[in-house]
Amino acid sequence: MLKCKKLPITTIFVVFATIIYSTFISYSLTGNFIGKISILDLEKYGGLTPDKLYEFEYWRLLVSQLIHVKQLHMIYNVLSFSVLGILLEKHLGSKFLFVLWFTSGALGTLYSTNFVTPPWNLGTGASQAVLGVSSFALLLIIIKQHTSGILKFAVVFSILPAMVLDIIYAHYPKPGHVLAICIGLIMSLFFYRKNKSYFDNVTI
């Protein structure tokens, strides 16, 4: 049986860490809390590349998901994760939600660096992690007959704009986004099957 905590610890941590660190960097580099940053300037603040992992800078797997080139994009990611986290964390537990967020985000971000020419191949942003977490909500909508309207809205709000922007600017879904969704679905399916009896008896 899952233990449901009232306080969404992971959601609170991720949201505040993202807002504080991303806006701090924005202000440090541009003098504006919602400024636009050159991605090259984010390398020293946690931008992720395979070369940095070869140098044992594993902290970038976490920190890269907190920093953003565009702070309006950061706000969108934070809003998306906030809704998903509030809906899901009490059912998934804080530990699994963090593992799902970190794993799908880190691997999706790292994978995305293979499709950009150096030195602009810095992996940053929370989009991959948000898409990974939204995969669990998507799985519930597909498997369960009854899910709340707000959960369906959260999935559409999290996934659709990201995919539309990918098509507009890249003309195809970005590989890092696709991988994050796939990783999220695989992790979510294993978790769901392990706790099927619980999810069969709750409405989310």
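**Helix packing and loop details**

Biologist: What do the buried residues of α5 pack against?
Modeller: They pack against α1 (9-30), α3, α4, α6 and α8. Bear in mind that this is a predicted model.

Biologist: And which residues of α5 are buried?
Modeller: Ser94, Phe96, Leu97, Leu100, Trp101, Ser104, Gly105, Ala106, Gly108 and Thr109.

Biologist: How many residues does α5 have, and how far does it reach?
Modeller: α5 has 19 residues and reaches 27 Å from first C-alpha to last. The expected span at 1.5 Å a residue is 27 Å.

Biologist: OK, α5 on α8. At what angle do they pack?
Modeller: About 150 degrees, and their axes are 8 Å apart. Angles over 145 degrees count as roughly antiparallel, so α5 and α8 are roughly antiparallel to each other.

Biologist: Is that crossing left-handed or right-handed?
Modeller: α5 passes α8 in a right-handed crossing. On the α5 side, the contact includes Phe96, Leu100, Ser104 and Gly108. On the α8 side, Ala180, Ile183, Gly184 and Met187 are among the residues involved.

Biologist: What classes of residue are in that contact of α5 with α8?
Modeller: There are 11 nonpolar, seven polar and no charged.

Biologist: Let's move to α8 itself. How many residues?
Modeller: α8 has 20 residues. Its first and last C-alpha atoms are 29 Å apart, close to the 28 Å expected.

Biologist: Which of its residues are buried, and what covers them?
Modeller: The buried residues of α8 are Pro175, Gly176, His177, Ala180, Ile181, Ile183, Gly184, Met187, Ser188, Phe191 and Tyr192. What covers them includes α4 (71-92), α5 (94-112), α6, α7 (149-169) and α9 (196-199).

Biologist: Then α6 on α8. What's the angle there?
Modeller: Helix α6 (residues 127-143) and helix α8 (residues 175-194) pack at about 45 degrees, with axes 7 Å apart. That makes α6 oblique to α8. The crossing of α6 and α8 is right-handed.

Biologist: Which residues make the contact?
Modeller: From α6, they include Leu131, Gly132, Ser135, Phe136 and Leu139. From α8, His177, Ile181, Leu185 and Leu189 are among them. The contact of α6 with α8 divides into 11 nonpolar, eight polar and no charged residues.

Biologist: How about α6 and α7? What angle do they pack at?
Modeller: About 135 degrees, with the axes 9 Å apart. That makes α6 oblique to α7. The crossing of α6 and α7 is left-handed.

Biologist: Tell me about Ser158. Buried or exposed?
Modeller: Ser158 is in helix α7. It is buried, because its relative accessible area is 2% and the cut-off for buried is under 20%.

Biologist: What does Ser158 touch?
Modeller: Tyr76, Ser80, Leu84, Val130, Leu131 and Ser134, leaving out residues up to four places away in sequence.

Biologist: Change of topic, the loops. Where is Gly125, and is it buried or exposed?
Modeller: Gly125 sits in the loop between α5 and α6. Gly125 is buried, at 5% relative accessible area. Beyond its neighbours within four places in sequence, Gly125 contacts Ser64, Gln65, Ile67, His68 and Thr109.

Biologist: Where is the cis peptide bond?
Modeller: Between Pro118 and Pro119, with omega about 5 degrees. Pro119 is in the loop between α5 and α6.

Biologist: Which residues other than glycine have a positive phi?
Modeller: Phe56 is one of them, at about 65 degrees. His171 has a positive phi too, near 75 degrees. Most residues other than glycine have a negative phi.

Biologist: Where are those two, and are they buried or exposed?
Modeller: Phe56 lies in the loop between α2 (50-54) and α3 (60-63). Phe56 is exposed, with a relative accessible area of 63%. His171 is in the loop between α7 and α8. At 63% relative accessibility, His171 counts as exposed.

Conventions:
Residues are numbered from 1 along each chain as its sequence is written. This is a predicted model: local features need pLDDT of at least 70, side-chain atom pairs count only at pLDDT 80 or more; totals for chains, interfaces and linings use all residues. Side-chain values use heavy atoms; hydrogens and water are left out. Axes are lines fitted to C-alpha atoms, for helices over the stretch in contact, and angles run from 0 to 180 degrees between N-to-C directions. Helices (H or I, at least four residues) and strands (E, at least two) are DSSP runs, numbered from the N terminus. Angles under 35 degrees count as roughly parallel, over 145 as roughly antiparallel, 65 to 115 as roughly perpendicular and the rest as oblique. A crossing is left-handed if the near helix is turned anticlockwise from the far one by less than a right angle, and right-handed if clockwise. Contact means heavy atoms within 4.5 Å. Ala, Val, Leu, Ile, Met, Phe, Trp, Tyr, Cys and Pro count as nonpolar, Asp, Glu, Lys and Arg as charged, and the others, Gly among them, as polar. The expected span of a helix is 1.5 Å times one less than its number of residues. Buried means under 20% relative accessible area, exposed over 50%, partly exposed in between (1.4 Å probe, protein chains only).
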